[in-house]
Amino acid sequence: MNQLKKMAFAERRTMLLLVLFACLSGVVIVFQAYYFVKIVDLVFLKNASFGVIEHPLWILLALLFARVLFMYAARRTGIRLASKVKGDIRRLLFVKYAKNPIQASLSGQTGRKVSTAMDAVDEIDSYFSSYIPQIIQTAIVPVLILLAVFTQPAFSGLLMLITAPFIPIFMAIIGIKTQKKAENQMEKMAAFSGHFLDTLQGLTTLKLFGRARQQRETIRKSSFDFRDATMEVLKIAFISSLTLEFISTLSIGLIAFELCLRLVVFKNISFFSAFFILILAPDFYLSLKDLGNAFHSGRGSKGAFQKVADELAQEERSILWGTVHLLKDSSPPALEIQDLTFTYDEGDFAIKNLNVTIPPYEKIAIVGPNGSGKTTLLHIIAGLLEPTAGVIRVNNKSRTEYEEESWFNQISYISQNPYLFSGTIAENICLGGDPQASMKDVELAAQKAGLSKMIQSLEHGIDTTIGEAGRGLSGGEKQRVALARAFLKQPSLILFDEPTTGLDLYTEQILQASMCELSKKSTVITVAHRLYTIQDADQILFLKNGRLVAAGRHDDLIERVTEYRNMVHVQQGGGVK
Ligand code: ADP
Ligand code: MG
């Protein structure tokens, strides 16, 4: 049994409801035909008066209502099932993306992920909202109709039995053909939306570099590809509808022919029986045909589900956390990195055999050329990436023994481009900090981070809403919000990836003062680009190509390590004292 079916059958109650509604529908269809035929028989052949048929008429009306009602109920149950399952799948995806945010956001386009989470999951909808209910319906209703037909003295039941299988057979043939096409279409869609979103996000950059026109061509092409793939799927869907229609019409014709012969030539059937069978026949094929149509959406859903399953199955290097020890917040931890080795899943960059000891309260600067692995090292120390080999010891115990939350509660990570979510400035500062922090604490943190002046200039002050990714704030202001977070959180370990691009002078000063203040209560590890940080550090880690070339104080390294001297010279335009 495939995974989608398993998911459906996991919802036992819903499935039982669907079966119940299908049974009721089947019974209602049979009785509806019965009463309809009975009324016609009474009126036209037996010349009955209205008084006689009044009662059956009411029953027929009630049955009509019941039929609509059960159809509606089955439909609703299907939709409820679909939204429940979709919710579950989305949650799985989000948990998956959230578990390993660094790896996830680094590999693959964001747009593709959004497309998987939103569109592919939506495509799964029809599997549960129409395919599954229809399967149940088709498994039950035709059987009941067939039983009713067999009670009548004719071969029509046999004819139905013989012709019915042609519909699923044709459906299967066409279905197998569409599956590939549907998968193809999903892929085109994903490529298209991924490209579209990523292009939109990078539009400014693209424009600056005069590449917008070229990108427009790419978008044009992938949208046309998508259109063609969609048309292919639709083409087959239409042809198959036609085929199904044809088969069922032919079969009904066959039955009508048999009944006609019996009624007119052999005269061995009553009008009542013949008419009863003729009324039921279309309903019999209808539910088979409906299955055929549902089959298509079901197939499409399978294609989409494959996408989701692939995404969920994608290997992740999850971080192992223990439950044994809690990191207390009394004082900064003693860190020891032993024989650290790390490689990404892709590419051949590696950090090799890195050994560093970081005593509490030290100020560490990580320096090195672009791409030497500084940010990677910081991510590893932060616990965002899992070492391939080696251990990180925290207070003489392997970090894997600590409980995850207690670790992250003790650190602040300020990235080169801090992420702000849409919400008020206050909410953004509170992120990750003590949930019980008072407004006063938040304001104090903002003040320490040099945000007071900016906040005062805003109409709603600290409650001003800023956009997703901090839209509306300058790079320097975003850095200061991130600093305010650290002030509020008062972590014992601060990891800071200094922005490479020039900050405004004011932010630069704030940064300097803030780091000075924060470092009084915590260990600070900085990927350093500014001379001040470098000179101020207790220990400088000089990285090159993932290797620790040298470690020591600035003066010491300048004297000892030629490469370091050269690098600082180049970086600072030769202005090092
Ligand atoms: P730095 O911060 O020193 O400039 P990084 O740590 O960002 O350097 O990157 C070090 C190397 O690792 C670079 O060669 C980069 O291309 C590579 N790298 C960074 N992130 C990934 C990733 N997610 N997958 C594969 N390679 C990566
Ligand atoms: Mg970097």
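Predicted model: local features only at pLDDT ≥ 70, side-chain atom pairs only at ≥ 80, totals over all residues.
The chain contains 20 helices and twelve strands. Of its 577 residues, 46% are buried. Contacts can also be sorted by how far apart the partners lie along the sequence. Among contacts in the chain with a separation of 6 or more, 79% are between residues 24 or more positions apart.

One open sheet has four strands in the order 2-1-4-5, and their pairing is antiparallel. Strand 2 (350–358) and strand 5 (397–398) are the edge strands, so called because each pairs on one side only. Strand 1, which covers residues 335–343, runs antiparallel to strand 2 and is joined to strand 2 by six bridges. At one point of this pairing, Leu335 stands opposite Ile358 of strand 2. Helix 11 (residues 374–382) packs on this sheet and touches strand 1, strand 2 and strand 4 (389–394). The direction of helix 11 makes about 125° with that of strand 1.

Strand 1 is also joined to strand 4, by five bridges, and these two strands run antiparallel. Here Gln338 has Val391 in strand 4 as its bridge partner. Strand 4 in turn runs antiparallel to strand 5, with two bridges between them. Arg393 stands opposite Ser398 of strand 5. Strand 4 and strand 5 make a hairpin with two residues between the strands, and in this hairpin Asn395 takes a positive phi near 45°.

Another open sheet has six strands, in the order 6-9-10-3-11-12, and its pairing is mixed. Its edge strands are strand 6 (411–414) and strand 12 (547–552), each of which pairs on one side only. From one strand to the next, the twist averages 15°. Strand 6 runs parallel to strand 9 (residues 493–497), and four bridges join the two. One of the residues in this pairing is Ile414, whose bridge partner in strand 9 is Phe496.

A search of the whole structure finds one cavity of 30 Å³ or more. The largest cavity has a volume of about 140 Å³. Its lining is made up of 15 residues, of which Lys363, Met515, Thr526, Thr533 and Asp536 are the closest to its centre. Strand 3 (363–367) and strand 10 (523–527) each supply at least two lining residues, as do helix 17 (505–518) and helix 18 (531–536). Sorted by class, the lining of this cavity has seven nonpolar, four polar and four charged residues.

The second largest pocket has a volume of about 410 Å³. Its lining has 18 residues, and those nearest its centre are Met71, Ala74, Gln134, Gln137 and Asp290. At least two lining residues come from each of helix 2 (12–45), helix 3 (50–99), helix 5 (110–150) and helix 10 (271–313). By class, this lining has seven nonpolar, seven polar and four charged residues.

Two single residues complete the tour. Ser287 is found in helix 10. Is Ser287 buried or exposed? Its relative accessible area is 6%, so Ser287 is buried, the limit being under 20%. Beyond its neighbours within four places in sequence, Ser287 is in contact with Gln134, Thr138, Val141 and Pro142. Gln134 is also one of the residues nearest the centre of the second largest pocket.

Ala484 is placed in helix 16 (residues 475–489). Ala484 counts as buried because its relative accessibility is 0%. With neighbours within four places in sequence left aside, the contacts of Ala484 are Ile429, Ala445, Ala446, Ala449 and Leu451. Glu443 lies 41 residues from Ala484 along the chain, and the C-alpha atoms of the two are separated by 9.0 Å.

Notes
Residues numbered from 1 in each chain as written. Chains lettered and ligands numbered in written order. Heavy atoms only, no water. 1 Å grid on protein atoms, 1.4 Å probe; cavity = no way out; pocket = protein on both sides within 12 Å on 5 of 7 lines; lining within 4 Å. Points joined across faces, edges and corners; volume = space filled by probe spheres on them. Nonpolar A, V, L, I, M, F, W, Y, C, P; charged D, E, K, R; others polar. Buried < 20%, exposed > 50% of the residue type's maximum accessible area, 1.4 Å probe, protein only. Contact = heavy atoms within 4.5 Å. Pairing = 2+ DSSP bridges. Axes fitted to C-alpha atoms, helices over the stretch in contact; angles between N-to-C directions.
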